[in-house]
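User: Please take a close look at one part of this structure and describe it for someone who has not seen it before. Plain wording is enough.

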Amino acid sequence: MANSEYGFWVVWCEGGGSPTVKHENKRSAETEAKRLAVATPGHRFIVMEAKTGFLCPDRFEVTDFDDIPF
């Protein structure tokens, strides 16, 4: 799969912190998950694919007000 804004994989450890590395392909993420599992026995590492994402702008203006006071 070609790399796109949301086409990436991460490795997450149950009970650990948030993932910080984006992998460009599934194989790279799986290799890293296996390496981490061997290095830290008893911890489960999950490979997750990002499918969709959302971003809210820092500021936005609401312009659809009616004249009814609260």
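G7 sits in the segment before β1. Strands are DSSP runs of E with at least two residues, helices runs of H or I with at least four, both numbered from the N terminus. The model is predicted, so local features need pLDDT of at least 70 and side-chain atom pairs 80 or more, while totals for chains, interfaces and linings use all residues. Residues are numbered from 1 along each chain as its sequence is written, and side-chain values use heavy atoms, without hydrogens or water.

Is G7 buried or exposed? G7 is buried, because its relative accessibility is 2%, and buried means under 20% (exposed is over 50%, partly exposed in between; 1.4 Å probe, protein chains only). The C-alpha atoms of G7 and N25 are 8.2 Å apart, although 18 residues separate the two in sequence.

β1 covers residues 8–13. Over the face of F8 lies K22, at 4.5 Å from the ring centre; this applies when NZ of Lys or CZ of Arg is within 6 Å of that centre and within 35 degrees of the ring normal. C13 is also buried, since its relative accessible area is 14%. C56, by contrast, counts as exposed because its relative accessibility is 52%. The whole structure has zero disulfides (cysteine sulfur pairs within 2.5 Å).

β1 also takes part in the largest pocket, where it gives the most to the lining, three residues. Both β1 and α1 (26–39) supply at least two lining residues. The lining has 13 residues, and V11, W12, P19, T20 and L36 lie nearest the pocket centre. Seven of the lining residues are nonpolar, five polar and one charged. The space in this pocket is about 180 Å³. Here a pocket is an open set of points on a 1 Å grid where a 1.4 Å probe fits, with protein on both sides within 12 Å along at least five of seven lines; lining residues have an atom within 4 Å of a point.

Of its 70 residues, 16% count as buried.

Methods: Grid points are joined across faces, edges and corners, and a volume is the space filled by probe spheres set on the points. Ala, Val, Leu, Ile, Met, Phe, Trp, Tyr, Cys and Pro count as nonpolar, Asp, Glu, Lys and Arg as charged, and the others, Gly among them, as polar.
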